[in-house]
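Here is a short briefing to read alongside the model. Please keep the viewer open as you go through the points.

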Amino acid sequence: MSPEQCEADPHDIDTRSDVYTLGVVQYRLLSGRLPSDVGKKAYHEVTRIIREDPPTRPSTIIRRLRGDAETIALKALEKERDRRYQSAVELAQDIRRYLSGEAIVGRPPSIVYQIRVFARRNRGLFAALIVIFAVLAAGLVVSSGMYFRVEQARQE
């Protein structure tokens with residue numbers, strides 16, 4: 001089940017939901033496991049895991065899956081529909097590129113994207129980190145200014 005299917009809004013379900021399901025099948029074929037550990041959990045917990053928790057990286061299960069094979073599998077399993085392959089054809093084309101040794105279209109998520117996802121999931125912690133960073137930056141600016149004033153006074 002894709003993250004949008006967990007929400008149970010029929011208007012959100014489209015071809016990309018099928019791509020997610022193909023990604024689950026691909027992940028299972030590559031690693032022998034499901035992307036998330038959902039066994040023996042309550043339905044509401046399973047839907048939360050599917051919607052929020054990132055899948056286990058296949059390379060942590062089988063090390064040789066690191067690289068493009070892992071990137072393709074994880075792109076098909078993106079939580080945000082717009083970041084997934086837009087159709088099964090796109091997914092198939094990337095798999096063909098990988099198998100023929102060509103560069104794939106799918107790319108791992110950028111650092112900026114990962115920070116944005118972290119911030120969305122951990123708003124309180126992220127806000128605290130921003131405040132701490134701002135206080136440290138302000139302290140650095142103030143102490144540097146005071147240092148330069150002292151140096152200037154010493155020279156005079």
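Helices (H or I, at least four residues) and strands (E, at least two) are DSSP runs, numbered from the N terminus. This is a predicted model, where local features need pLDDT of at least 70 and side-chain atom pairs count only at pLDDT 80 or more, while totals for chains, interfaces and linings use all residues. Residues are numbered from 1 along each chain as its sequence is written, and side-chain values use heavy atoms, with hydrogens and water left out.

**Loop residues with positive phi**

- Ala-8 sits in the loop between H1 and H2, and its phi is positive, near 65°, in a residue other than glycine.
- Lys-40 is exposed, at 89% relative accessible area.

**Helix H3 and its packing**

- In helix H3 (residues 43–52), the buried residues are Val-46, Thr-47, Ile-49 and Ile-50.
- Seen down the axis of H3, these buried residues fall within an arc of 160°, so they line one face of the helix; the arc is that of the directions from the helix axis to the C-beta atoms.
- The buried residues of H3 pack against helix H1 (3–7) and helix H2 (15–31), where contact means heavy atoms within 4.5 Å.

**Two buried helix residues**

- Arg-16 belongs to helix H2 and is buried, with a relative accessible area of 13%.
- The side chains of Arg-16 and Gln-86 are joined by a polar contact of 3.4 Å (a pair of N or O atoms within 3.5 Å; within protein, one must be able to donate a hydrogen and the other to accept it, and residues adjacent in sequence count only if both atoms are side-chain atoms).
- Leaving aside neighbours within four places in sequence, Arg-16 is in contact with Glu-4, Arg-81, Asp-82, Arg-84, Tyr-85 and Gln-86.
- Thr-71 is in helix H5 (residues 68–76) and counts as buried at 13% relative accessibility.
- Not counting residues up to four places away in sequence, Thr-71 touches Ile-104, Gly-106, Arg-107 and Pro-108.

Note on methods
Buried < 20%, exposed > 50% of the residue type's maximum accessible area, 1.4 Å probe, protein only.
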